[in-house]
Amino acid sequence: MKFVAPRPFADPEAAAQKLMEIANAVEAVQDGRIFIELINGPFLFEHKGRPAEYGAGLKLAIERGWLWEHESGTYVKLTQAGAELFT
């Protein structure tokens, strides 16, 4: 008997893939910067992800070299490896 529906982004791999899709769709500004709120807003509110799922997905995307995060945490950049996911 299940009382809770499975979460689509409970797997960090699925969350990272969704974050990469969102980042790829966002228009980068100066020097390829993607402001972090342009990624976390859609993930949390449009796709109904949870903050823990967002954090795990972002961490995995950075570890895999798909995204580069500035030390301030205010923006990320899509790396070459991350861009190759969509070619």
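**Sheet.** Strands here are DSSP E runs of at least two residues, helices are H or I runs of at least four, both numbered from the N terminus, and two strands pair if DSSP finds at least two bridges between them.

**Model notes.** I kept in mind that this is a predicted model, where local features need pLDDT of at least 70, side-chain atom pairs count only at pLDDT 80 or more, and totals for chains, interfaces and linings use all residues. Residues are numbered from 1 along each chain as its sequence is written, and side-chain values use heavy atoms, leaving out hydrogens and water.

**S2 and S3.** I found S2 and S3 (residues 75-78) paired in the antiparallel sense over 3 bridges. Trp68 stands opposite Lys77 in S3.

**Rings.** I then searched the whole structure and got 3 aromatic pairs. Ring centres must lie within 6.5 Å; planes under 30 degrees apart are stacked, over 60 edge-to-face, the rest tilted, and Trp counts by its six-membered ring. Phe9 and Phe43 are tilted, at 4.9 Å centre to centre and 40° between the planes. Phe9 precedes helix H1 (12-25) and Phe43 lies in helix H2 (residues 37-46), so this pair ties together parts 34 residues apart in sequence.
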